[in-house]
Each structure stands twice: as structure tokens, then as C-alpha cells.
Amino acid sequence: MIAKAKTANDVAPLGGGTNLVVEMRASGVGPATLVSVGQLAGLRGITIADGTVTIGAATTVSDILRDPRMKQVAAVLVESADVFAGQMIRNTATVAGNICCGSPAADLVPPLLALGASVTLRSGSGERTVPLDGYFTGYKTSVRKPDELLTAISWPVPTAKSASRFYKLGRRRGDAITMVGVSVFVSLKDGVCDTVRIALGAVGPCVMRSKKAEAVMQGKAPSADLIAKAAQAATAESTPIDDIRASGEYRKEQVQVLVQRLLTQSLESLS
Amino acid sequence: MTNRKTLKMTVNDTVRNVEVATNETLLETLRRVGAVEVKCGCEKGDCGACAVLLDGMAVDSCLTLTHTVGTRAITTIKGLGTAEAPHPLQTAFAELGAAQCGYCTPGMIIATQSMLTHDTATPDENDIRHGLSGNLCRCTGYTKIYDAVLEGAKAMRETEAAK
Ligand SMILES: Cc1cc2nc3c(=O)[nH]c(=O)nc-3n(C[C@H](O)[C@H](O)[C@H](O)COP(=O)(O)OP(=O)(O)OC[C@H]3O[C@@H](n4cnc5c(N)ncnc54)[C@H](O)[C@@H]3O)c2cc1C
Ligand code: FES
Ligand code: FES
């Protein structure tokens, strides 16, 4: 059915429906046909093999929290899943749906970008795997074609010499939409920063990596001064808007604060 | 998109055949067939008043399309316990003043039951905040609800240990 879809108005995959059902009911219109991916048992589950973690498209946010292995292989994703919505939404919402809704405030996307995740897209004509970095092309747009289903998300098991953090700045602790979401990943090699990924949520048309901030750190020995410079670069690269949750100016300030804090915490945990 | 189809649904251990439109939510279906103990608050996943268990897992029925339920058993608050034979959580909520107007109570208890089954049978205050963060109450200020959850969970453990 999805294989025949030319536009998202013909056929849409339904994950948990926590976005789609709300949208359909608010607008009174929806795709002509829905295909329930959320209930495909074969697409639900987490496997860890050959140094790669793979989660199926029907895997829910609660599945992430309730799998004790995830603390080892994706602690940063667990941090995010932990502050995601309320229990009933977590029990229903899929990780794939969080990516596919394309919201700049989607909470699982910054940690997945920090982990260096890729997504597998499948259509009638075959399958391709693309990095999540570059998957989004703008506000709620992506490289996924209407006839493609996101079937899996995968990332390399982080090495021992790496650390990662996520922080969601919301108006309250429980069940709030993110004003700024930041996730960082750092690995060290011979005393210098090896891999650095800094992902920013809700401060641009889509969740994005701050490549300029990453470049500041890469290959250098970590120091407070270097971290401050990286945080400045991330702030300069973010393009937040004003909305009912926060002003753009406030968001920019928070990018500086959070990138600095999370990089410091990550590097401290490695020393 | 609004085709109708007859579905076989299991609500509180009773199997029934119900004609359901493809765009109907489980909340609408349940209330239509008389399960009005499932409350309708916001219809957008914010309040948790409509929570039911699907195979023991709490979901917001207002965000669940009935056609996606499949063979999963549906449990509403009435399926957990009744006035004559209350569930330990219902007793604790009643005795500790955790229900004022009572509108949020079915959802609160359903979410609690799901948390106790899937997350922890021995919740502390943080676990309770986490498990009930999708349930809003405009009356109690939540502290009595936390007390009732602690008390109810304890009663459930004692019942379990006595078996
Ligand atoms: C009360 C409430 C609180 C929320 N809180 C949060 C929060 O704290 N953080 C947060 O990030 N989000 C939050 N959300 C938003 C939402 O729950 C998440 O984005 C969720 O992850 C969406 O997943 P889903 O499975 O429900 O997606 P659905 O609603 O089923 O689908 C979303 C979109 O993705 C498409 N899609 C789904 N699966 C696939 C697939 N496998 N392949 C291709 N396309 C697909 C659908 O067609 C649709 O366009 C909240 C929503 C509500 C109602
Ligand atoms: S009515 Fe379903 S969450 Fe409010
Ligand atoms: S008791 Fe009235 S809403 Fe909770």
C-alpha cells in the first residue's frame, strides 16, 4: 500500500498516533489511508549485535526506558526518553514517529544525532540507509519519500572513552514541550577530542548539528576556554524563533549555557 | 476514510462485536457502548482522564484509533474493581481523600496500575511523578494522590505476599 503512495496525502504510516491522530482531529482531514506500523510486531524491538544497536520502527519510548541494556549503549537516549511526555504517551509513541514528525522540538532526535545514528528507509523498490545527520532538509521536511517507510534506527555502541549528555529545557519538569534541547557526544583519544557531536533542538527549522562548534573542539585538548568557544560557536549557528514558549534571544542564551554545561559534564566524566 | 467495520472487542473480559468507523478513537467507541467510566477531558493526550489498559499497558484512549487495538484486551477502571469488590488502589484513593470531583481518578488509577506492573512495584515519589506525569488533576494538588499510590501499592504487595 505504502509502495504506491505518491504524496503523504494518499497513504501515511501510523506509528503510535500521538502526533498524527491529534493533527487529524484538529484539522478534520487526514491521509486517505493509514497503515499501522505501530502494531507490526516484527518492527518492534531492540537488538545489539556486532557493535551496533538497532531499534525497529515500532519500538516505543517506554521500550527504551524499560530495556536495562539501553543505559549501557545509549544512556543519552534514556536521559531523553525519561523526560518525554507522560506515561501513556511514552507507552504509545514510537521513536520512528518522533523522527518522522519532523518537529524541531522532537526530544529523541538530538540524542540520536549525538550518538551518530542512521535510519533505514524501505520502499517497494528497495532499501537505503542514510545518516540522521542530513536527513532533515528544513521545517518538517526530510529526504524520506512518501513511498518510503522508516523501518529501523541504528547507531554504533559508544566506546569506553566517550561520554554523552542531553538536557531538555522546558517550562516545567513533566510533560512540557521543549524550549531548547541540547545533546553532546565527546570521545577522547590520546588526550585530545576525537569525535565531537553537538546537536541542537528547537533553535532552528529542524534539529541540527552545530558543525562549527564541533570543529572548535576536534583534535584539541579539552579546556574550559575551548568549551566556552565551542558554546559560542553553537550559539552563533542557531537560528531560533520567538514563540509562545520562549523568545529567540532567550533560546540563544540557553544554547550557550547548555552546550557549555553538557560538554563540561561529559569531559569531567571521562577524566 | 470513514468506512465502518465490525470489530470483535474484549472490554473488561466481555467479548462484544461493535461496528466502528475507521477514524473513530477508542474513547469514542468505549463511551458509545456504555463504558462511560472512561472520561473525556482534552481529547489530545494532555490530561490522561481517558486512560485505559491495553493488555495491561496504559494508553490514552483518545489517541488510539479503535481499529488499531486488534486482539489486545481492553481494561477500564471498572475492570480493575467495583464498589462491591474494590481494587486496593481504589480503596486507597477513597480512604485517603485522593479523589475530590473524581474526574481524573479513573485515569490516575489506570496509569498507576500500569506503572506498578511495568516499571516498579515499590515506587518512590520520583517514580510516581514519572508514572503520573501524563495525568492532570485540577482538584487535589496531587499530594494526596501520591499518598494513595504509596498506600495502594503497599496493600497490593501485601496481598501478593499473602498468596
Ligand atoms: C501530550 C503530548 C505530549 C508530547 N510530548 C512530547 C515530548 O515530550 N517530546 C517529544 O519529542 N514529543 C512529544 N509529543 C509528540 C509525539 O508524541 C512524538 O513526536 C512521538 O514520538 C510521535 O510518535 P508516534 O509513533 O506517535 O507518531 P505518529 O503520530 O504515529 O506519526 C507521526 C508522523 O510520522 C509518520 N510516521 C510514523 N511512523 C513512521 C514510519 N515508521 N515511517 C515513516 N513515517 C512514519 C506519520 O505518518 C506521521 O506523519 C507529545 C505529544 C502529545 C500528544
Ligand atoms: S482525553 Fe485523552 S488525554 Fe485528555
Ligand atoms: S479529583 Fe477532580 S480532577 Fe482530580
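Guide: Not counting residues up to four places away in sequence, A:Ile198 is in contact with A:Ser183, A:Val184, A:Met208, A:Arg209, A:Ser210, A:Ala213, A:Glu214, A:Val259 and A:Leu263. This is a predicted model, and the contacts are computed from its atoms. A:Ile198 belongs to strand β12 of chain A, which covers residues 192-201. Its relative accessible area is 0%, and because buried means under 20%, A:Ile198 is classed as buried. The C-alpha atom of A:Ile198 is also separated by 9.2 Å from that of A:Pro111, a residue 87 positions apart along the chain.

Two of the contacts named above, A:Ser183 and A:Val184, carry numbers that fall in β11, a strand spanning 180-189. The loop between β11 and β12 holds A:Asp190. A:Asp190 is not a glycine, yet its phi is positive, at about 50°. A:Ile198 in β12, by contrast, is buried.

A:Asn91 lies in helix α5, which runs over residues 87-92. At 6% relative accessibility, A:Asn91 counts as buried. Leaving aside residues up to four places away in sequence, A:Asn91 touches A:Thr60, A:Ser62 and A:Arg66 in its own chain, and B:Met57, B:Ala58 and B:Ser114 in chain B. For B:Ala58 there is a polar detail as well: its backbone oxygen lies 2.8 Å from a polar atom of the side chain of A:Asn91. Within chain A, the C-alpha atoms of A:Asn91 and A:Asp63 are separated by 7.6 Å, although the two residues are 28 apart along the chain.

These sites can now be placed in chain A as a whole. Chain A contains ten helices and 13 strands. Its radius of gyration is 18 Å, which agrees with the value near 18 Å that a compact globule of 271 residues would have. Taken along the principal axes, the C-alpha atoms fill a box of roughly 55 × 45 × 35 Å. Among contacts between residues at least 6 apart in sequence, 57% join residues at least 24 apart. Chain A exposes about 11,700 Å², and carbon and sulfur atoms supply 54% of that area. Its side chains include 30 positive and 23 negative ones, and the centres of the two sets lie 3 Å apart.

Chain B, reached through A:Asn91, has six helices and five strands. From the N terminus on, the elements follow the order β-β-α-β-β-β-α-α-α-α-α. The radius of gyration of chain B is 16 Å, close to the 15 Å that the globule rule gives for 163 residues, so chain B is as compact as a globular protein of that length. The C-alpha trace spans about 45 × 35 × 30 Å along its principal axes. Buried residues make up 47% of the chain, and 53% of the contacts with a separation of 6 or more are between residues 24 or more positions apart. Chain B exposes about 7,700 Å², with 49% supplied by carbon and sulfur atoms. It carries 16 positive and 19 negative side chains, with the centres of the two sets 6 Å apart.

B:Asn12 lies in the loop between β1 (4-11) and β2 (14-21), and its phi is positive at about 50° although B:Asn12 is not a glycine.

Note on methods: Residues numbered from 1 in each chain as written. Chains lettered and ligands numbered in written order. Predicted model: local features only at pLDDT ≥ 70, side-chain atom pairs only at ≥ 80, totals over all residues. Heavy atoms only, no water. Helix = DSSP H or I, 4+ residues; strand = E, 2+ residues; numbered from the N terminus. Rg over C-alpha atoms; globule rule 2.2 N^0.38 Å. Buried < 20%, exposed > 50% of the residue type's maximum accessible area, 1.4 Å probe, protein only. Contact = heavy atoms within 4.5 Å. Areas by Shrake-Rupley, 256 points an atom, 1.4 Å probe, with all protein chains shown as cover. Lys, Arg positive; Asp, Glu negative; His and termini not counted. Charge placed at Lys NZ, Arg CZ, Asp CG, Glu CD. Polar contact = N/O pair within 3.5 Å; in protein donor to acceptor, adjacent residues only side chain to side chain.
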